[in-house]
Amino acid sequence: MQLLEISDLVVDHSPGARDRLPVRRADVVARLAAAGDRRGARIAAGLVCDADGVLDPDAVDRRLVAVHTELQRLSEELRLGDRIADLLRPLGAAIRAAAPAGRPLRVVDVGCGLGYLVRWLAASGALGAGVELLGMDFNPALVAEAERLARDEGLDCRFVGGDAFALAEPATVYVSTGVLHHFRGPDLDAFFAAQSAPETEAFCHFDIAATSLTPVGAWIFHRARMRDPLGRHDGVVSARRAHDDATLLRAAGHAAGMVPLVYEPRGLSNPFCTTIRPVLGVRPALVAPLRAALGPAASSRLIGAEGTATTLLPGGTR
């Protein structure tokens, strides 16, 4: 059965542009029904539309902002900011050690939603001084809400609508949370290939860990913590769409000039405790400094790939 998230179906843009296209409610319902997702079809059938059956874009945006607000609460409970900072700090230290003096560290959050990660990093100062924090998302309603929250919180960060990989000045480090499972096959390969610009030193993308307990855990967690039926539905589907480590390592290999790595892979993690974990890519010269900055215990959790998963030895050799 094809696994579809309602939030992916209710907003559409013209290829290569940011122009929003009309979406017919009946088409969304039909796609979910054809995929065998009767519950999703029922939820979609209740979305607000006009007399012609076209989804009301303002109502859709309000619903998505509400769902992402609930997702932010989940991120807080999972201590997502702390977990990401625990990797970004040593990664940033390795990059700074190799970079020309005075060069700023530019961190771009891909598909930032309400900008929780960027705002958390700005509020905590976890990455130190000389860091530019930018969040990007195709949905202008989410970007506008992220900007409002950052202003209200008095934070030094920015949010922009559009393609994070089409910036005039590429990121030093690309990050994301809960984005990878939205891409499949060639689209996942292209996602990583777009992060090969010479100015980019690394990427660190956190997503749902594909363990045997993930779907059950997601159902329990979203049922207990999320009120919106759309958010509950998409949260469980997201867990079922999670990529395994081998898939992520293979796809990350399409980022030219990067060494693909998975942190806390399935074989080294406790399925009862592991909810999210990242796939990383770093320039070869940064592998040894990163491992040194992480320390022996943490660096032992980094797994690399060369056709199949292998453990990186000290110094980045195999």
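At what angle do α5 and helix α6 (residues 116-124) pack, and how far apart are their axes? Before you select anything, note that this is a predicted model, where local features need pLDDT of at least 70, side-chain atom pairs count only at pLDDT 80 or more, and totals for chains, interfaces and linings use all residues. Residues are numbered from 1 along each chain as its sequence is written, and side-chain values use heavy atoms, with hydrogens and water left out.

**Stop 1: α5 and α6**

Select 80-98 for α5 and 116-124 for α6. Helices here are DSSP runs (H or I, at least four residues), strands are E runs of at least two, and both are numbered from the N terminus. The answer: α5 and α6 pack at about 70°, with their axes 10 Å apart. Axes are lines fitted to C-alpha atoms, for helices over the stretch in contact, and angles run from 0 to 180 degrees between N-to-C directions. That makes α5 roughly perpendicular to α6 (65 to 115 degrees; under 35 is roughly parallel, over 145 roughly antiparallel, and the rest oblique).

Now show the side chains. Leu-80, Gly-81, Asp-82, Ile-84, Ala-85 and Leu-88 of α5 meet Tyr-116, Leu-117, Trp-120 and Leu-121 of α6; contact means heavy atoms within 4.5 Å. By class, this contact has eight nonpolar, one polar and one charged residues. Ala, Val, Leu, Ile, Met, Phe, Trp, Tyr, Cys and Pro count as nonpolar, Asp, Glu, Lys and Arg as charged, and the others, Gly among them, as polar.

**Stop 2: α5 and α12**

On the α5 side, look for residues including Leu-87, Leu-91 and Ile-95; on the α12 side, Leu-286 and Leu-290 are among the partners. The residues of this contact divide into 11 nonpolar, no polar and one charged.

**Stop 3: α4 and α7**

Next, pick helix α4 (residues 57-77) and helix α7 (residues 140-153), which pack at about 50° with axes 9 Å apart. That makes α4 oblique to α7. Asp-61, Leu-64, Val-65 and His-68 of α4 make the contact with Ala-141, Leu-142 and Glu-145 of α7. Here the classes are four nonpolar, one polar and two charged.

**Stop 4: the cavity**

What lines the largest cavity? Select Leu-88, Leu-91, Gly-92, Leu-105, Val-107, Leu-127 and Val-173. A cavity is a set of points on a 1 Å grid over the protein atoms alone where a 1.4 Å probe fits but cannot get out, and lining residues have an atom within 4 Å of a point. The volume is about 40 Å³, the space filled by probe spheres set on the points. α5 supplies the largest share of the lining, three residues.

Conventions. 1 Å grid on protein atoms, 1.4 Å probe; cavity = no way out; pocket = protein on both sides within 12 Å on 5 of 7 lines; lining within 4 Å.
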